[in-house]
Amino acid sequence: VDIDNSNRNLTIQGEISFEHVIFKYNEEQLKPTINDVTIHLNQGESLALVGATGAGKTTLMQLLARFYEINSGKITIDGIDIKDIPKQTLRNQMAYVLQDPFIFDGTIRENIKYKNQHISDEIMIQAAKDANAYDFIMRLEDGFDTKISFESTHLSQGEKQLINIARALISDPKILLLDEATSNIDTVTEMKLQQAIERLMKNRTSIIIAHRLNTVKIADKIVVLEKGKIIEQGYQKDLVMQDGMYAKMLKSGDEALLE
């Protein structure tokens with residue numbers, strides 16, 4: 001039940017705080033999945049969550065979008081407890097780009113416009129260009145009217161992801177959540193995807209989960225997680241100078257450390 005309906009038309013700016021957040025998926029868990037996590041992200045800043053599989057990276061994103069409710073602590077956006085923001089209001093101002101591109105049965109045009117079917121074709125085309133998707137779309141026989149689905153074989157995984165980026169651009173989110181968005185991408189498309197992600201992140205508060213160092217390096221702040229706890233956090237340049245775990249990951253160049 002949403003507590004405060006006065007926030008139903010709230011426009012989010014994008015300042016995010018996790019304050020001593022503790023979360024368990026169920027009461028039987030001996031150790032919390034998220035254990036006393038405190039993070040602050042200014043409006044327009046980007047944060048990369050780094051750590052091994054199971055460290056709690058995706059869970060933090062899910063808590064921010066209220067797919068689960070925390071056990072204790074507080075998560076705020078612009079100083080407002082997210083429990084006081086209706087879930088739909090919250091999620092309508094976020095965009096998710098996940099590891100597996102979300103593509104539904106329909107045309108490329110319908111997929112890009114998604115919940116914004118009223119948006120003009122001019123804006124759609126610009127979003128496709130900014131997402132580095134326009135050129136490959138125009139090479140298709142029916143262009144934006146090409147029918148696609150999740151199983152479509154005439155588009156690569158990377159091309160489907162670029163369509164996802166165009167959709168995110170058109171929705172103009174205040175908060176961007178990127179969860180392994182550059183995984184399973186062919187090398188040719190990877191550079192185009194990286195450029196598109198950087199355009200998408202511009203002037204938006206962004207949280208990134210990535211195992212590719214190139215994606216992690218574009219973030220302002222880094223949080224290194226281990227078994228639900230923060231073991232290192234700070235601005236990118238400061239962590240490099242501190243020569244801690246994150247700096248060692250960068251020096252080794254071993255991308256498996258970020259998986």
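Student: Where is His211 found?
Tutor: In this predicted model, His211 sits in the loop that runs between strand S10 (205-209) and helix H8 (213-216).

Student: Buried or exposed, that His211?
Tutor: His211 is buried, at a relative accessible area of 13%. The cut-off for buried is under 20%, so a value of 13% qualifies.

Student: How far apart are His211 and Lys227?
Tutor: In sequence, His211 and Lys227 are 16 residues apart, and in space their C-alpha atoms are 17 Å apart.

Student: And where does Lys227 lie?
Tutor: Lys227 belongs to the loop between strand S11 (221-226) and strand S12 (229-235).

Student: Is Lys227 buried or exposed?
Tutor: Exposed: the relative accessible area of Lys227 is 71%.

Student: What about phi of Lys227?
Tutor: Phi of Lys227 is near 50°, which is a positive value in a residue other than glycine. Asp172 also has a positive phi, near 50°, and is not a glycine either.

Student: Where is the place of Asp172?
Tutor: Asp172 is in the loop between H6 and strand S9 (175-179). Asp172 follows H6.

Student: Let's take H6, then. How many residues has it, and what does it reach from first C-alpha to last?
Tutor: H6 has 15 residues and reaches 21 Å from its first C-alpha to its last. That is close to the 21 Å expected at 1.5 Å a residue.

Student: Why is H6 described as largely enclosed by the rest of the structure?
Tutor: Because 13 of the 15 residues of H6 are buried.

Student: What is Ile222 in contact with, leaving aside neighbours within four places in sequence?
Tutor: Ile222 is in contact with Leu47, Ala48, Val50, Val216, Glu232, Gln233, Gly234, Gln236, Leu239 and Tyr246.

Student: Leu47 is on that list. What separates the C-alpha atoms of Ile222 and Leu47?
Tutor: A distance of 5.6 Å, although Ile222 and Leu47 are 175 residues apart along the chain.

Student: Next one, Asn132. Where is it found?
Tutor: Asn132 is in the loop between helix H4 (121-130) and helix H5 (134-139).

Student: Is Asn132 buried or exposed?
Tutor: Buried, with a relative accessible area of 19%. The limit is under 20%, so Asn132 at 19% counts as buried.

Student: What does the side chain of Asn132 reach?
Tutor: The backbone oxygen of Lys192, at 2.9 Å. Beyond its neighbours within four places in sequence, Asn132 contacts Lys192 along with Leu162, Gln195, Ala196 and Arg199.

Student: How do the residues of the lining of the largest pocket divide?
Tutor: Into 10 nonpolar, five polar and four charged.

Student: And the second largest pocket, how much space there?
Tutor: About 170 Å³. Of the 11 residues lining the second largest pocket, Thr53, Gly54, Ala55, Lys57 and Thr58 are the closest to its centre.

Student: How many cavities of 30 Å³ or more does a search of the whole structure find?
Tutor: Three. The largest cavity has a volume of about 50 Å³.

Student: What lines the largest cavity?
Tutor: Its lining is made of Leu63, Arg66, Tyr68, Glu69, Ile70, Gly73, Lys74, Ile75, Asp81, Ile82 and Lys83. Strand S4 (residues 72-77) gives the most, three residues.

Student: How do those residues divide?
Tutor: Five are nonpolar, one is polar and five are charged.

Notes. Residues numbered from 1 in each chain as written. Predicted model: local features only at pLDDT ≥ 70, side-chain atom pairs only at ≥ 80, totals over all residues. Heavy atoms only, no water. Nonpolar A, V, L, I, M, F, W, Y, C, P; charged D, E, K, R; others polar. 1 Å grid on protein atoms, 1.4 Å probe; cavity = no way out; pocket = protein on both sides within 12 Å on 5 of 7 lines; lining within 4 Å. Points joined across faces, edges and corners; volume = space filled by probe spheres on them. Helix = DSSP H or I, 4+ residues; strand = E, 2+ residues; numbered from the N terminus. Buried < 20%, exposed > 50% of the residue type's maximum accessible area, 1.4 Å probe, protein only. Polar contact = N/O pair within 3.5 Å; in protein donor to acceptor, adjacent residues only side chain to side chain. Contact = heavy atoms within 4.5 Å. Expected span 1.5 Å × (residues − 1).
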